[in-house]
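Here are a few friendly notes to read alongside the structure.

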Amino acid sequence: MTTSIRLELEETHRAPLVAEDAYCLYGWLMEQLPPAYAAYLHEEGERPFCQYLLPSREERHRAVYQWTLFSEDAVQMVAPILLNSTSFPFRSGGKQVCVRRAEKETFRFEEAVERCFTAPALPSSYQLRFLSPTTFKTENQYALFPTAGLVVKSAASRFALLDSGVTLQDEEALRQLVESARIIGYSLHTQRYSMKGAVIPGFTGWIRLAIHGPTSMKRLFWLLMCALPHTGVGIKTALGMGGCTVEESFPKTEEVFSWNR
């Protein structure tokens, strides 16, 4: 089960909000946590949450701030701070945002697991949309473009953080997924992400993924795609990168289905 928190924010002086503001807000929130839990999060390799900020295109001083919490500890510690705060001060830059609306929702993966492994019709392709700057680390470098293999490996790694009742420990199955998935369309552009005094090269936009192979492999790939909007994709998803949505396409009915929040 995951817990999703969606905050609608507004900068009080109508200054524009940008994706990197998620990192500033993350820093503020860490200061509100009990010191022992904040230290635990800094020591962990994978934090039990992801978060990103999506500024409005029409009103740049407004944005949606999205958090997904993967563990009960994270829900107990982080959720009350997010839901009970009416404003967030920035440690630098002079911005001040107020919360216009807050929503909390839980998602149980049992429904997704059952659908992915029992539905008679399978998607023919998936549109993965990168909402906040995204990148992957490969050979000690940031990837300038996504590849199907990088997406699959990240999806499997992130899926392991969820309490889904499904474990992915078969290295051969993962290898086959990596080899069988492919990108069949894309529209991407460069968008860098500034944090900790560094500028990380990333991208936003979308790719369309398809997979060939036996039905069992396609169903496993389907499950990974269902989880991505909840886990984020790529690196530094706890710090504001890698926010995404996924839409499934079924060619016979031209149906589009989304597991997005």
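This is a predicted model: local features need pLDDT of at least 70, side-chain atom pairs count only at pLDDT 80 or more; totals for chains, interfaces and linings use all residues.

1. The largest cavity holds about 30 Å³ of space. It is lined by 11 residues, and those closest to its centre are C50, Y52, G232, G242 and G243. Counting cavities of 30 Å³ or more gives one.

2. Which strand gives the most to the lining of the largest cavity? That is strand 2 (residues 49–55), with three residues. By class, the cavity lining has five nonpolar residues, five polar and one charged.

3. Helix 7 itself covers residues 215–231. Its 17 residues should span 24 Å at 1.5 Å a residue, and its end C-alpha atoms are 24 Å apart, so the two agree. The helix is mostly covered, with 14 of the 17 residues buried.

4. Now for the open space: the largest pocket has a volume of about 570 Å³. Of its 27 lining residues, L54, P55, R57, R60 and L131 are the closest to the centre. Elements giving two or more residues to this lining include strand 1 (2–11), strand 2, strand 3 (62–69) and strand 9 (181–190).

5. Strand 6 (125–134) is also on that list, and strand 6 gives the most to the pocket lining, with five residues. The lining of the largest pocket is made up of 11 nonpolar, seven polar and nine charged residues.

Terms used: Residues are numbered from 1 along each chain as its sequence is written. Side-chain values use heavy atoms; hydrogens and water are left out. Helices (H or I, at least four residues) and strands (E, at least two) are DSSP runs, numbered from the N terminus. The expected span of a helix is 1.5 Å times one less than its number of residues. Buried means under 20% relative accessible area, exposed over 50%, partly exposed in between (1.4 Å probe, protein chains only). On a 1 Å grid over the protein atoms alone, a cavity is a set of points where a 1.4 Å probe fits but cannot get out, and a pocket is an open set with protein on both sides within 12 Å along at least five of seven lines; lining residues have an atom within 4 Å of a point. Grid points are joined across faces, edges and corners, and a volume is the space filled by probe spheres set on the points. Ala, Val, Leu, Ile, Met, Phe, Trp, Tyr, Cys and Pro count as nonpolar, Asp, Glu, Lys and Arg as charged, and the others, Gly among them, as polar.
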